[in-house]
Amino acid sequence: QVQLVESGGGLVQPGGSLRLSCAASGSIFRINDMGWYRQAPGKQRELVATITRRGSTNYADSVKGRFTISRDNDKNTVYLQMNSLKPEDTAVYCCYAAAITTSSLSQVNLWGQGTQVTVSS
C-alpha cells in the first residue's frame with residue numbers, strides 16, 4: 001500500500017514559523033510532482049505550492065516570499081517551510097504526490113490525511 005504521512009502542524013503565533021513534512025511510503029517506483037494544498041473553514045481548497053522532481057517550484061501569490069517548498073527524492077519526502085505566518089494562513093494543509101507505483105508502473109495521485117495549522121495569538 002502506498003500512502004503519504006504528514007507531520008509538523010500545530011498552533012503558532014502570528015509572525016511565527018512552522019515546517020510541514022510529508023513522506024511517501026510503500027511500493028513506489030518514482031514520484032513526479034509533489035505539493036501542498038490547504039483548505040480553510042468555509043473556503044475552497046487552495047493550491048499553496050508545487051515542486052517538480054527536478055526542483056522547479058510554483059507558489060500561490062498569497063504565500064510568495066514567506067513559504068518555501070523543498071523535497072528529498074531519496075526519502076520521497078516533501079517539505080513546506082512557512083515563515084511570517086498570518087492568521088489567514090490558518091487551514092488544514094494536505095500534501096499530494098504524483099507517484100508511479102512498482103506494481104502498475106502507472107501514475108497515481110496520492111493525498112495525505114491533512115494537518116491542522118492554526119495561526120493565532
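**View 1. Strand 3 and strand 8 pair up antiparallel, with six bridges between them.** Helices (H or I, at least four residues) and strands (E, at least two) are DSSP runs numbered from the N terminus, and two strands pair if DSSP finds at least two bridges between them. Ala23 sits opposite Thr77 of strand 8.

A quick note on the model: it's predicted, so local features need pLDDT of at least 70 and side-chain atom pairs pLDDT 80 or more, while totals for chains, interfaces and linings use all residues. Residues are numbered from 1 along each chain as its sequence is written, and side-chain values use heavy atoms, leaving out hydrogens and water.

**View 2. The largest nonpolar core holds 31 residues.** Such a core is a set of buried Ala, Val, Leu, Ile, Met, Phe, Trp, Tyr and Cys residues joined through side-chain atoms within 4.5 Å. Buried means under 20% relative accessible area, exposed over 50%, and partly exposed in between (1.4 Å probe, protein chains only). Trp36, Leu80, Met82 and Tyr93 have the most contacts inside this core. Elements giving it two or more residues include strand 4 (28–39) and strand 9 (91–101), and strand 9 supplies the largest share, five residues.

**View 3. Asn76 and Ser84 are two non-glycine residues with positive phi.** Most residues other than glycine have a negative phi. Asn76, with phi near 50°, is in the loop between strand 7 and strand 8. Asn76 counts as buried because its relative accessible area is 18%. Ser84, with phi of about 50°, is in the loop between strand 8 and strand 9. At 41% relative accessibility, Ser84 is partly exposed.

**View 4. Ala60 lies in the loop between strand 6 (57–59) and strand 7.** Ala60 is buried, at 14% relative accessibility. Val48 is twelve residues from Ala60 in sequence, yet their C-alpha atoms are 5.2 Å apart.
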